Amino acid sequence: MTTPAGGTPPASDPAHGDEIGLRNQIRARWHALPELTRAGISIGLFVGLSILFFFVDHALAYGTLTITALFWIRRLPPVPYRLAAQVALVVIYLIAEPRSVGYVLAVGFAMTWVPQRYRTYTYPAAGLALAVLYPFYQDRLFTVPVFGVWPDVATGVYMLVFVMMAVGLNIVVGYAGLLDLGYVAFYATGAYTAAWFASLQFPHTTWHFGAVGIDPHLAGIHVTIWLLLLVAGVFTALSGIIIGLPTLRLRGDYLAIVTLGFGEILPQVARNGDSLFGFNLTNGPNGITPLDSLGFGHRLSSLTGGFLPANYLSCCSAKVLGHQIQSTDLFFWTALVLLMFTIFCSLRLQYSRLGRAWIAIREDETAAAAMGIPLMRTKTWAYASGAFFGGIAGAYYATFKSATFPGDFFFNISVFILCMVILGGMGNIWGVIVGASFLAYLNQEGLANTGAWINSNIHVGGWHPNLDVPLYASGIYGVIILVVMLFRPEGLIPSRRRAAELHEGVHDEPLYDTASAGA
Amino acid sequence: MAAEATAAGLPERLPRPSPTTLFGLVLVVLLVVWLAVNLVKTPGDFFDVLLIGLTTGCVYALVALGYTLVYGILELINFAHGDVFMLGGMFTITFSTSFFGLHQGQGFAIVPIVFATLVLVMLACGLLNAAIERVAYRPLRSAPRLAPLITAIGVSFIIEDVGLAWKGPNYVPAPDIFPHTNVFSVGGVDYGWNKLIVILITVPVLLLLLWLVQRTRQGKAMRATAQDMDASAMMGINVNRTISFTFLIAGALAGAAGVLYALYVTTVRFDQGFQLGLIAFTAAVFGGIGNLPGAVLGALLIGLIQAFNEGLNWHAPGSDWTESIVFSILILILVFRPEGLLGERTPEGG
């Protein structure tokens, strides 16, 4: 919820005239207004918003009003019972509106109490809390106009997996500035790695290692998925290095083309891989299915008193907070853990020595080389780290679907993931997360819902549209890419540094130009 | 380019490592042996396939020239180019059947109709391509090089969906009007008129393009802009107009290719442009991007490779593997000889 009141002093003193960027200018103008006008405008906005929300959902409207009240209590001088008043407001609200929106907004209230310097952690923590609890309140959420119902938990898993991939691609595209148009190749590698070692694909070998939920004498290789996630990541990173070593010295646009080439070759190999010299590697267009299930096995399950489920697919009789836990929920939480891991690694990498080297290369390759940064090694690391997370995501998603098909790895997917990174803001992990979740949702449910809404609600004269909106998904991504690149190349939630580069332009001329080196 | 393997970056060019050359030579030798065995085993098929390859190569050449022209002047891989070509095919179907009432069995009446369609489609695609440049690439000319590349992908997807919305998700049939009678038939090798007509249209278009680039004032401006944009602006060349003109020409070539493709293959589908565009781009890189004769040579070679792969009997991988082979060639070329067969047009060489 963006608030013009802000409730907090601005980060930098507006009097200094440090007003770079639209947001800061607006903020400075805002704080130049008299206190009373500001109060009036923001209360008016909030009340207006509440009235608007009233038509959508009563809980949302009351919640917004409560937030307004909380904000203005906060601005009062520190009177003795201020905190008590705030708590009382929240309690009254929760009693009056026990529905899920109340829980959602409770987190919003929590944010208004948090001191400025802890805000950095509050937003991610609140987001995480909302995400963890999502399966509990998803079915009780209100219907959004146009977009329809909130995504179900299976869509949530899909979104998390794609967010993970987008965060991985962000390392390559956002941090290191290497355009990778074949990221789907890594996704495919991860998925097939999981499929090979946890299915009936190789019936002449029988080898079990910690697999759950299957007959221990079943043919084929069955390794526990937990190990396979790691193996898939490492294997994909290795293939990233193998692809990267000969190609990363190419200049940017050629590199894009080469990655695109790999992204086209790999699915074709998967499609034709049912008789590679007579050997059935990928089972061709039929794909590899089913895969073994995730699970912790009976020993761990009983050790933790059933908290860790033995097998995700045949689990769960527990009812928590009035919600019957399902296997999809378990997959959702596991995906969340994996995503946390990805985000953690990505954040730690960003300002590490390696991350700073990536930024240097992105901004000026020649200068970076002159400063002693080994170009090839640094770029290869970017490639490998990006590939690592792509591989894990691919392996996990294959496990969730219990199948992997060559048709899942089209070029569109590469562009789709790239679109997520661009929309959110190249180089800024929070932006990428927001962009990726939104686009993944659109792809899975949003476009279909929106299309249904358009078809049933829009009539121009006697004309009733009968659009198959999901059919035009790639065109819609095309429009998003075009509009974002033309008008806001730094993305919705930009990284400051990247925004400056994209607006001022940087010299990304490589050390060696094929034009001059090849002459 | 190869010298950069030493990350420390010595400025002078190191000698090419010999294993690379060896690897390339082995590949070429294997290819020649494979072709020779096929030639001996089934000479009839071999020449049939050769002629088919030359014909598809001609269509590729027209598309590849568009990539090369644009790359030469802006150093931009115009991903949308293949989709402009696809729209050209759709324009062809609409113009020729709806406007001119083209259908099968009209005898020589098809000649003016095909000609008029060709002109109209070339014009339409040229204008479309110039418009794309104006909207999607010109605002980003001073941005980092990857920015217009990303918008190019976006535009490509948009045009693809325009084709999808316009003509639907299925193959759109085009009138099969080129006569299939044989020009000659020697020892089981048939050469149909439909193949000859493709070449008969391609060659004059190519000559026209060469004349335009080499002999006219506008062509000179194009070459100058490709060499140095700032310097040509100082010399009084209207750079923006020259770039627009280049896109117009490139689009017109894609349009011509679209006409030939639609009438020769007789089906068009909305997603064919991107794939064929990538193959044509490979051809342009193969010959040396920025180099006009190189693009034609590369296109003919790619056309031949594709036809041999799909048409020969003895140990040919078959059409399932065409894209993999073409993209492997692309990757090998970019990695081992990024300047292509004939050499990239250098800033100095014009």
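The loop between α10 and α11 (297–303) of chain A is where P290(A) sits, and this proline is joined to T289(A) by a cis peptide bond, with omega at about -5 degrees. Keep in mind that this is a predicted model. N283(A) is found in that loop between α10 and α11 of chain A too, and its phi is positive, about 65 degrees, even though it isn't a glycine.

**Positive phi**
- N283(A) has 20 C-beta neighbours inside 10 Å, so it counts as buried.
- Over in chain B, T266(B) is another non-glycine residue with a positive phi, near 65 degrees.
- T266(B) lies in the loop between α9 (239–265) and β4 (267–268) of chain B, and with 17 C-beta neighbours inside 10 Å it counts as partly exposed.

**Helices of chain A**
- Helix α8 (residues 183–197) and helix α10 (residues 252–272) have axes that come within 8 Å and cross at roughly 30 degrees, and angles under 35 degrees count as roughly parallel, so α8(A) and α10(A) are roughly parallel to each other.
- On the α8(A) side the contact uses V184(A), A185(A), A188(A) and Y192(A), while α10(A) brings F262(A), G263(A), L266(A), P267(A) and A270(A).
- Helix α12 (residues 327–350) runs for 24 residues and spans 34 Å from first C-alpha to last, close to the 34 Å expected.
- Buried residues of α12(A) include D329(A), F331(A), L339(A) and Q350(A).

**Domains of chain A**
- The domain assignment gives domain 1 (14–140) and domain 2 (153–458 + 466–511).
- Six residues of domain 1 are in contact with eight of domain 2, and the domain 1 side is made up of five nonpolar, one polar and no charged residues.

Note on methods
Residues numbered from 1 in each chain as written. Chains lettered and ligands numbered in written order. Predicted model: local features only at pLDDT ≥ 70, side-chain atom pairs only at ≥ 80, totals over all residues. Domains from an automatic or database assignment. Contact = placed C-beta atoms within 7 Å. Nonpolar A, V, L, I, M, F, W, Y, C, P; charged D, E, K, R; others polar. Axes fitted to C-alpha atoms, helices over the stretch in contact; angles between N-to-C directions. Helix = DSSP H or I, 4+ residues; strand = E, 2+ residues; numbered from the N terminus. Parallel < 35°, antiparallel > 145°, perpendicular 65-115°, else oblique. Expected span 1.5 Å × (residues − 1). Buried ≥ 20, exposed ≤ 12 C-beta atoms within 10 Å, placed from the backbone.
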